[in-house]
Amino acid sequence: MKFRTLLAAAAALTVMTPAIAAAKTQIQWWHAMGGALGQKLESIVANYNKSQDKYEVVPTYKGSYPETMTAAIAAFRAHQQPDIVQVYEVGTGTMMAAKGAVYPVYQLMKDTGEPFNPKDYLAAVVGYYTDTHGNMLSLPFNSSTPILYYNKDVFKKAGLDPNTPPKTWEDVESFSKKIMDSHAAKCGFTTGWISWVQLENFSAWHNLPIGTEENGFGGLDARLSFNGPIQARHWNNLKKWQDNGIFQYGGPVGGNDAGPKFYSQECAIYMNSSASRADILANAKGFQVGVGMLPYYSDVKGAPQNSIIGGATLWVLQGKDKDHYKGVADFFHYLSSAEVQADWHQFSGYLPITQAAYELGQKQGYYAKNPGADVAIKQMTLNPPTANSKGLRFGNYVQVRQIIDEEFQSLLAGKKTGQEALDAVVKRGNELIAEFQKANE
Amino acid sequence: MQTKRTLFRSKTLPYLLILPQMAVTIIFFLWPAAQAVRQSFLREDAFGFKTTFVWFDNYTQLFSDPTYENSLRVTVVFAIGVAVLSLVSALVLALAVDRTIRSSQVYTTLLVWPYAVAPAVAGILWWFMFNPTIGILPYLLSFVGYHWDHSLSGFDAMILVIIASSWKQISYNFLFFVAGLQAIPKSLVEAAAIDGAGPYKRFFTIIFPLLSPTTFFLLVINTVYAMFDTFAVIHATTQGGPAQATNTLVYKVFQDGFIGLNIGSSATQSVVLMIIVIALTFIQFRWIERNVQY
């Protein structure tokens, strides 16, 4: 009997909830931020919802980046799409090509009359999400760039200066040897994201092209071209370093095993996203962590150039009512405010998206108190971006990333040389990109 | 064979009775299957704005794709591996239980437990045990001089997914084998024993042939299981890697369709899979059910 009343009450509640909420316009936001980042995101949204009474933003965690993106696309096909979806940078090509599905942010801001100045945002970040006419298509939310972390205690034990991170790959090699010879650690370095860090960013950092047509920014007919001699040399080196123990592979995609190797002090140097900072500091028990910029080969002309970003932006989807879009614009305005951005950046290690947020952090003395927290932004803006270092934009790139991992594994397994592996990436990747071009032209 | 016939007085009643089943079949099987066939002739962008009819382009592309060929090979190796490992271990366990008179009930219950574990959970458990960085098995293997790393070695990865997928299926096979063993007349085995046949002789000349209907049935079931039902295990352990070494046909459908958003190719692969399932079912019904009877 009691159970029945409960059931009835529950049923009544489910029927009534939409009626209660109907007074406010609900804005659905699908995101891919789990764990601590997800909680932070929810608290940002909760603060926004408290700050006004017209709109209610409802954040929904949809799993990993690829899962979130595919869920949104499937929902769009079924006319059940959310208002806002968070899409990672490699999905940008797909989203940009879907002209009828996305509501470009610059258009949205113009239509709703929300104050908006694209110049407020960091050029290096916004450039990635801007069309050829200079229009901003999505709202940057969480962008990061790979940097180098190192174990200061191990450096000290090995007789190295704990305040000097390796600058070049030659340094990485000689430091690692010293560390291993002195038994300060078992391995020199490990890395997350082979594709993003050791190929895409590696190319940009050395001012080498990732693809034709300005790395794909110029049009759908762009093709990959990162199988140059310097990239091949680097991959051959990684293989050589793996064989003599200097480098340990952390697995495909994000490299889930790389972090633990650094936390357990097995590897002394670790390259990964600047947004890993919070995680690293939480997990680095019993040793001091230093940060530095990515290493480069000193004999390569034009290196170091600047690194490129990863992370995600917020895309607005078509097919909703006008009042929804008013709410979205209002929310975006809130999200881009210096206070929210500075808070999010300092908590997560993602880049401050706006100049104002960066300046606010300086005023608060955040970078003085947290040395190294601004390495990422300095590295990103080291030089004005060239055609090779603006970023990259290719269709079907999610699968291309996977091919990069597969061919890298073939390299490490000794089945292919660096050149052969990269040639295979380019050949297989270009087939997918050609397929995308055919489907979207 | 005996046929049973029930006569209904009303003509509509039988149709009404099969209606729910038909509805389920149409909504959850025929309709999606038809969609897949339709999609396999189309090329479409992810959002479905631009659709072109491309005839058999997707098929020719698929069959000239070396990664698909690789996936086919991987699936065959994987299916044979899972079928052999799970059948042999289940049979050994069933024989052992069949010999024990007391406590065989307890063993049976315990051995069935793994079947209740969700495949994703099982996958994670194996992933933990075999993890090259934190797992216990690579640590133990390093003592015998084997460097286990399924994130780089395709061979290790294949072993891992075969073990992880078989583990669960052993319980299922075990139950059928126990039932099959109990159905073998004890008098035959005893007569052979009196004639001086040893345990091995008895097994290979009497028990195994009499078990063959069960074995054939399980072989088909296990092959189907390995080919179509092991998605969760692969997703939780290797995700098709390294370098596509464990990318089975089913997993490739998921990767190309859901991760890569290449719906045309994914649908084409589903159609190919559908044909394989139909063929396997056909074999099971036509060939095995008729011919292997004692």
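Let's start with chain A: the C-alpha centres of its domain 1 and domain 2 lie 30 Å apart. Those bounds come from an automatic or database domain assignment. Domain 1 of chain A covers 2-144 + 309-369, and domain 2 covers 146-307 + 394-440.

A word on the model. It is predicted, so local features need pLDDT of at least 70, side-chain atom pairs count only at pLDDT 80 or more, and totals for chains, interfaces and linings use all residues. Residues are numbered from 1 along each chain as its sequence is written, and chains are lettered from A and ligands numbered from 1 in the order in which they are written.

Now the domain contact in chain A. Domain 1 gives 17 residues, domain 2 gives 15; contact means C-beta atoms, placed from the backbone, within 7 Å. On the domain 1 side, α4 (92-97), β5 (139-144), β11 (310-317) and α15 (338-348) of chain A each supply at least two residues. Helices are DSSP runs of H or I, at least four residues; strands are runs of E, at least two; both are numbered from the N terminus.

On to chain B. What is its order of elements from the N terminus on? α-β-β-α-α-α-α-α-α-α-α-α-α-α. That is 12 helices and 2 strands. The C-alpha atoms of chain B fill a box of roughly 75 × 75 × 30 Å along the principal axes. Of the 294 residues in chain B, 32% are buried, with 20 or more other C-beta atoms, placed from the backbone, within 10 Å of their own.

Key. Buried ≥ 20, exposed ≤ 12 C-beta atoms within 10 Å, placed from the backbone. Contact = placed C-beta atoms within 7 Å.
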